[in-house]
Amino acid sequence: MIVITGATGRLGRLVIAKLLAAGVPADDVVAAARTPERAADLAERGVRVRHADYDKPESVATALAGADAVLLVSAPDPTRAREEQHRAVIDAAVDAKVGLLAYTSILGGDRATLRLADAHRATEALVRESGLDHVMLRNGWYTENYTEHLAVALEHGAIVRSASPEARVASAAIEEYAEAAAAVLTAKETDRRSVYELSGDTAWTMAGLAEEVSRQAGRTVEYRQVSPEEHRAILVGAGVPGAVADLLVDSDAATDRGELAATPGELSRLIGRATAPLADAVAAAIRP
Ligand SMILES: NC(=O)c1ccc[n+]([C@@H]2O[C@H](COP(=O)([O-])OP(=O)(O)OC[C@H]3O[C@@H](n4cnc5c(N)ncnc54)[C@H](OP(=O)(O)O)[C@@H]3O)[C@@H](O)[C@H]2O)c1
């Protein structure tokens, strides 16, 4: 039985869809959800839905009973000490003696210096200390991070951030990371590595993103670099909480240092094809 936590989120849902598409029987899959009613569609497909709230360790322990493999999807609130939330899953996985614990970490893992990496570094340490067979799925940035707000960029004729125009990101689609996770969860033990650095095949630049949007939209969308302070003010003005804005500005600084640009090709090897080009995501995002 394979348990997916955070199963009602974008990644968790896609991992479950990929497992089912790969032929894993629905009743061998557990959607572990903080809000089980959001998983009603998965229950209809025969997936077992169990309550698992990282903040309620007893619920996680019940959800993991009988699990052979667990995918711990990192918690979404970056302003919290997420490793403490993740600890509930790791402890429950130890108690359930699972054969595999996979964790969605961050590209670069313990070498990453951006602040968002702190919780991942601490969680990776907890996973290693658990003594369980484990896999770190060190996910790079989702391409969707850059394409989901393109309507605003089109409205203003500019993509505005604090990263330099030449800063590079080897992003990939959420669906590709999900497919990689499903591949690892269903792989033979001998075919599995303990760490995968997952990213898109091509590291595109911020200026290149603006050029691609301009090309496809048929009008100029410039890339405008602003100071970290201005970037933060814009984010807060758009309703982003200050603590989250700080982390996003810090991530742009890390992008400038090249921390999101690695292209080891491990994601395309796991999914068996090249990752989708940035142009595809831009097209999907601005399609009328
Ligand atoms: N690599 C990247 O670019 C990137 C970008 C964004 C996020 N991330 C990280 O990757 C994770 C997965 O991404 P995503 O896009 O699938 O995120 P998402 O769509 O926001 O989903 C987050 C999931 O976590 C669940 N959750 C929230 N609090 C929980 C708790 N206390 N206990 C158990 N589950 C809880 C949510 O459940 P509910 O339905 O109950 O809210 C939801 O299912 C995120 O959580 C975040 O850590 C990575």
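This is a predicted model: local features need pLDDT of at least 70, side-chain atom pairs count only at pLDDT 80 or more; totals for chains, interfaces and linings use all residues.

**Exercise 1.** Determine how helix α4 is oriented relative to helix α5, and list the residues that form their contact.

*Solution.* 
Step 1. Helix α4 spans residues 82–95 and helix α5 spans residues 117–130; the two pack at an angle of about 15°, and their axes are 9 Å apart.
Step 2. Angles under 35 degrees count as roughly parallel. The pair meets this criterion, so α4 is roughly parallel to α5.
Step 3. The crossing of α4 past α5 is right-handed.
Step 4. On the α4 side, the contact involves R82, E83, H86, R87, I90 and V94, which meet A119, H120, A122, T123, L126, V127 and S130 of α5.
Step 5. Sorted by class, the residues in this contact of α4 with α5 comprise six nonpolar, four polar and three charged.

**Exercise 2.** Characterise the packing of helix α10 against helix α11, including its handedness.

*Solution.* 
Step 1. Helix α10 covers residues 228–237, and helix α11 covers residues 242–256; an angle of about 140° is found between them, with the axes 9 Å apart.
Step 2. Only angles over 145 degrees count as roughly antiparallel. The arrangement of α10 is therefore oblique to α11.
Step 3. A right-handed crossing describes how α10 passes α11.
Step 4. From α10, the contact draws on P228, H231, R232, L235 and V236, and from α11 on G242, A245, D246, L248, V249 and D252.
Step 5. The class count for the contact of α10 with α11 is six nonpolar, two polar and three charged residues.

**Exercise 3.** Describe the division into domains and the area that domain 1 and domain 2 bury between them.

*Solution.* 
Step 1. Over C-alpha atoms, the centres of domain 1 and domain 2 are separated by 29 Å.
Step 2. Eight residues from domain 1 and ten residues from domain 2 take part in the contact.
Step 3. The area buried between domain 1 and domain 2 is about 840 Å², with 64% of it on carbon and sulfur atoms.
Step 4. Within domain 1, the residues losing the most area to domain 2 are L107, L114 and R115, which together account for 54% of what that side buries.

Notes:
Residues are numbered from 1 along each chain as its sequence is written. Side-chain values use heavy atoms; hydrogens and water are left out. Axes are lines fitted to C-alpha atoms, for helices over the stretch in contact, and angles run from 0 to 180 degrees between N-to-C directions. Helices (H or I, at least four residues) and strands (E, at least two) are DSSP runs, numbered from the N terminus. Angles under 35 degrees count as roughly parallel, over 145 as roughly antiparallel, 65 to 115 as roughly perpendicular and the rest as oblique. A crossing is left-handed if the near helix is turned anticlockwise from the far one by less than a right angle, and right-handed if clockwise. Contact means heavy atoms within 4.5 Å. Ala, Val, Leu, Ile, Met, Phe, Trp, Tyr, Cys and Pro count as nonpolar, Asp, Glu, Lys and Arg as charged, and the others, Gly among them, as polar. Domain bounds come from an automatic or database domain assignment. Buried area is the accessible area (1.4 Å probe) that two parts lose on being put together, summed over both.
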